[in-house]
Amino acid sequence: MVAQILDGKKIAADIKQELRSRIETLKQHGIEPGLGTILVGDDPGSRAYVAGKHRDCQEVGITSLRIDLPADAPAQAVREAILSFNADPACTGYIVQLPLPAGMPSNELIELIDPQKDADGLHPVNLGRLVLRVGEPLSTSLPCTPAGILELLERYGLSLEGKRVAVLGRGVTVGRPAGLLLTRREINATVTLCHTGTPDVPQIVRESDVVIASVGQPHFVKPEWIKPGAIVLDVGVTRVPNPETGRFKTIGDVDPGVAEVAGWVSPNPGGVGPMTRVMLLRNIVETAERQYSAS
Ligand SMILES: Nc1nc2c(c(=O)[nH]1)N[C@@H](CN(C=O)c1ccc(C(=O)N[C@@H](CCC(=O)O)C(=O)O)cc1)CN2
């Protein structure tokens with residue numbers, strides 16, 4: 001079997017096209033959606049992701065605002081950046097790029113974000129609603145990567161109803177919120193959230209219809225772990241220098257041999273990454289639409 005491709009790049013382009021008309025409608029009503037980003041430090045991956053977010057905004061007609069701080073900035077400078085976006089009406093939603101440099105009080109800083117402007121859905125109020133409103137509609141931003149995975153599967157007509165899902169990795173942007181989102185009543189998956197303390201991950205993967213790999217270890221998921229026909233989403237990224245080009249190349253969490261066994265795979269790059277980016281745009285449009293309907 002050779003797996004079919006979940007083409008995140010193509011689906012993200014379709015969604016961008018749909019968002020353009022919603023953005024146009026907002027502008028006709030005098031609402032300018034605006035994304036803010038706060039980047040602390042020089043991590044090349046984070047810099048590239050933030051640059052991509054601003055390019056995406058430009059492509060679809062969203063204003064973007066950016067605060068970049070040096071790696072040695074004190075936590076107080078980050079607090080002030082957050083408070084300035086909370087107060088700025090031009091910023092309808094924003095993100096603090098993660099991870100923050102070691103030693104930063106990340107959780108305390110995320111809690112300072114105005115929950116209504118939390119474009120990542122990571123503020124405790126928004127994560128709390130995801131926990132509490134398991135069977136009710138949600139009108140808050142959803143974390144971009146898990147939301148992107150769901151959207152990608154939906155657009156390929158793949159339902160998670162009754163499916164066993166192994167989520168590998170308990171990070172705050174992917175693994176933990178993926179468990180919350182996929183077990184919502186409207187999705188109805190059964191999720192096993194695996195982490196460094198989980199015994200026999202290969203066996204859990206063998207029993208799973210869907211695998212979401214977000215561990216950040218190159219080619220961690222092996223072909224012999226995969227149930228034939230399973231859906232495999234490769235989220236993790238390791239950046240390694242490419243001596244031939246002098247640039248970085250990215251290696252995903254999923255061994256290329258998995259495509260010989262799985263039914264569907266998301267490439268990396270070109271799968272979940274572009275979906276993460278486009279879900280941020282959707283969150284910004286939706287926060288602006290909510291602000292418009294409340295006005
Ligand atoms: N505040 C947040 N920080 C981080 C998040 C997040 O959702 N919110 N997620 C990740 C990084 N991330 C977005 O910020 C992200 C990761 C990957 C991509 C992407 O498009 N990747 C490309 C490949 C790019 C490359 O080659 O380097 C792809 O998969 O095709 C976009 C965004 C951690 N931090």
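User: In this predicted model, what makes E3-E2-E4 an open sheet of three strands?

Analyst: The strand order is E3-E2-E4, with parallel pairing. E3 (63–69) and E4 (93–96) are the edge strands, and each pairs on one side only. The twist averages 15° from one strand to the next.

User: How do you know that E2 and E4 pair?

Analyst: Pairing needs at least two bridges between the strands. Four bridges join E2 (residues 34–40) to E4, so the two strands count as paired. They run parallel. Gly-36 stands opposite Tyr-94 in E4.

User: Which helix lies across E2 and E4?

Analyst: Helix H9 (residues 272–294) does, running at about 140° to E4.

User: Why is the crossing of H5 and H7 called left-handed?

Analyst: The term applies if the near helix is turned anticlockwise from the far one by less than a right angle. H5 (residues 124–132) and H7 (residues 175–182) pack at about 35°, with their axes 9 Å apart. The crossing is left-handed, so the near helix is turned anticlockwise from the far one.

User: What makes the contact between these two helices nonpolar?

Analyst: H5 gives Leu-127, Leu-130 and Val-131, and H7 gives Pro-177, Leu-180 and Leu-181. Leu, Val and Pro count as nonpolar. The contact therefore has six nonpolar, no polar and no charged residues.

User: Why are two residues in the lining of the largest cavity classed as charged?

Analyst: The lining includes Asp-118 and Asp-120. Asp counts as charged, so these two fall in that class. Five lining residues are nonpolar, among them Val-96 and Leu-98. The cavity has a volume of about 40 Å³.

Conventions: Residues are numbered from 1 along each chain as its sequence is written. This is a predicted model: local features need pLDDT of at least 70, side-chain atom pairs count only at pLDDT 80 or more; totals for chains, interfaces and linings use all residues. Side-chain values use heavy atoms; hydrogens and water are left out. On a 1 Å grid over the protein atoms alone, a cavity is a set of points where a 1.4 Å probe fits but cannot get out, and a pocket is an open set with protein on both sides within 12 Å along at least five of seven lines; lining residues have an atom within 4 Å of a point. Grid points are joined across faces, edges and corners, and a volume is the space filled by probe spheres set on the points. Axes are lines fitted to C-alpha atoms, for helices over the stretch in contact, and angles run from 0 to 180 degrees between N-to-C directions. Contact means heavy atoms within 4.5 Å.
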